[in-house]
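Subject: the model, plus some notes on its side chains

Hi,

Here is the structure I promised to pass on.

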Amino acid sequence: MKKYVYLAVFTIGILGCSEAQSTVKGEKQKSTVQQSGTVQLVSKSEFQKMLKVKGAQLVDVRTKEEYSSGHMENATNCDYNSSDFRKKMEKLNKNEPVLVYCHAGGRSAKAAQLLKEMGFKKIYDLKGGYSNW
């Protein structure tokens with residue numbers, strides 16, 4: 001009888017581990033799928049590397065006044081709070097990387113999320129914004 005109890009406990013233990021491994025594998029697969037077409041919050045050094053990628057589209061989502069007081073070279077100014085922001089974003093290539101930044105990271109996070117919803121594939125948001133640049 002003890003043999004059957006040990007066998008049952010052993011079998012349950014093995015099945016429990018198998019389920020845990022399946023769950024972990026499922027989560028890994030799920031996160032991999034979610035990474036395509038997602039927003040990546042990147043450091044200053046990673047952002048600098050992405051600027052060198054052929055076809056990268058740099059977008060400053062601050063106001064015109066903020067942009068005028070200083071901006072990254074080759075950045076296109078598209079104020080996130082303007083009524084035509086979405087219309088301007090539709091002119092970008094959805095298959096090329098889009099790099100967004102604002103002053104501290106709040107507006108660019110919202111803009112990046114909107115770009116994701118619009119179907120953009122590679123979106124990079126500068127952690128800390130222009131103030132971190």
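Which side chain does Asp125 join in a polar contact? The partner is Ser108, at 2.6 Å (a polar contact is a pair of N or O atoms within 3.5 Å; within protein, one must be able to donate a hydrogen and the other to accept it, and residues adjacent in sequence count only if both atoms are side-chain atoms).

Before going on: this is a predicted model, where local features need pLDDT of at least 70 and side-chain atom pairs count only at pLDDT 80 or more, while totals for chains, interfaces and linings use all residues. Residues are numbered from 1 along each chain as its sequence is written, and side-chain values use heavy atoms, with hydrogens and water left out.

Back to Asp125, which sits in strand β5 (residues 123–126); strands (E, at least two residues) and helices (H or I, at least four) are DSSP runs, numbered from the N terminus. Asp125 is buried but has no salt bridge, and Arg107, the nearest side chain of opposite charge, is 10 Å away. Buried means under 20% relative accessible area, exposed over 50%, and partly exposed in between (1.4 Å probe, protein chains only). For charge, Lys and Arg count as positive and Asp and Glu as negative, with His and the chain ends not counted.

Now the salt bridges (a side-chain nitrogen of Lys or Arg within 4 Å of a carboxyl oxygen of Asp or Glu). The count is three:

- Asp60 pairs with Arg62 at 2.7 Å, N to O. Asp60 is buried at 0% relative accessibility, and Arg62 is buried at 2%.
- Arg107 pairs with Glu66 at 2.8 Å, N to O. Arg107 is in helix α5 (residues 106–117) and Glu66 in helix α3 (residues 64–68), so this pair ties together parts 41 residues apart in sequence.
- Lys88 pairs with Asp84 at 3.8 Å, N to O. Lys88 is partly exposed at 29%, as is Asp84 at 31%.

On the aromatic side, the whole structure has three pairs (ring centres of Phe, Tyr and Trp, the last by its six-membered ring, within 6.5 Å; planes under 30 degrees apart are stacked, over 60 edge-to-face, the rest tilted). One of them is Phe47 with Trp133: the centres are 6.0 Å apart and the planes at 80 degrees, so the pair is edge-to-face. Phe47 belongs to helix α2 (residues 44–51) and Trp133 to the segment after β5, so parts 86 residues apart in sequence are tied together.

Cheers
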